[in-house]
Amino acid sequence: MSDCCCGKDDCKPVELTEQMKECMKSMRVFSLATACDEGTPNVVPVGMLFPGEDGKIWIIDNFFDKTLHNMKENPLAAFYLWSPDYKEGCWQVKGTVEILDSGADYEKAVAIAHSRMETAPAKHLVKMTVCEVYSVAPGPDAGKKVL
């Protein structure tokens with residue numbers, strides 16, 4: 001089985017386009033979706049979600065509860081990209097997650113979290129490998145896979 005969320009053996013991780021990364025910069029809060037292994041959905045607001053230097057999406061866990069539990073049971077997550085300040089597109093991003101609480105990347109994430117909010121707990125660094133991206137903008141391409 002592949003490391004991607006679609007489960008296909010021939011699936012390969014993808015990297016967001018520069019356009020998508022620009023959209024991310026204009027967003028302050030992201031809606032992060034997870035589900036437990038029984039499929040119960042959970043969506044939370046996340047302020048610290050950004051492209052990492054390694055090509056993965058970095059998500060800093062400051063206050064995850066059900067979200068962390070879900071990712072441990074079912075290492076899949078999704079979020080969407082859209083901002084009223086960025087009119088060039090709207091996308092749903094899906095991928096697999098890895099949870100870190102030590103190591104060089106985790107320490108970088110803690111420093112980033114503390115630079116944004118001095119009292120941030122920065123309990124974990126969640127690295128998301130992007131597997132699929134879909135257009136969710138209104139119109140004829142809504143729901144179509146773009147990456």
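This is a predicted model: local features need pLDDT of at least 70, side-chain atom pairs count only at pLDDT 80 or more; totals for chains, interfaces and linings use all residues.
**Figure 1. Order of the elements along the protein chain.**

**Figure 2. Overall dimensions of the protein chain.** The protein chain has 147 residues and a radius of gyration of 15 Å. A compact globule with 147 residues would have a value near 15 Å, so the two agree. Along the principal axes, the C-alpha atoms fill a box of roughly 45 × 35 × 30 Å. Buried residues account for 44% of the 147 residues.

**Figure 3. Contacts across the sequence.** Take the contacts between residues at least 6 apart in sequence. Of these, 64% join residues at least 24 apart.

**Figure 4. Surface and charges of the protein chain.** The accessible surface is about 8200 Å². Carbon and sulfur atoms supply 52% of that surface. The protein chain carries 16 positive and 22 negative charges. Their mean positions lie 4 Å apart.

**Figure 5. The buried face of helix α2.** Helix α2 spans residues 66-73. Its residues T67, L68, N70 and M71 are buried. Seen down the axis of α2, the buried residues fall within an arc of 160°, so they line one face of the helix. In an α-helix there are 3.6 residues a turn, so residues three or four places apart point the same way.

**Figure 6. The exposed face and the cover of helix α2.** K66 and K72 are exposed, on the face of α2 turned away from its buried side.

Note on methods:
Residues are numbered from 1 along each chain as its sequence is written. Side-chain values use heavy atoms; hydrogens and water are left out. The radius of gyration is taken over C-alpha atoms; the globule rule is 2.2 Å times the number of residues to the power 0.38. Buried means under 20% relative accessible area, exposed over 50%, partly exposed in between (1.4 Å probe, protein chains only). Contact means heavy atoms within 4.5 Å. Accessible areas come from the Shrake-Rupley method with a 1.4 Å probe; for residues, only the protein chains shown count as cover. Lys and Arg count as positive and Asp and Glu as negative; His and the chain ends are not counted. The place of a charge is taken as NZ of Lys, CZ of Arg, CG of Asp or CD of Glu. Helices (H or I, at least four residues) and strands (E, at least two) are DSSP runs, numbered from the N terminus. The arc is that of the directions from the helix axis to the C-beta atoms.
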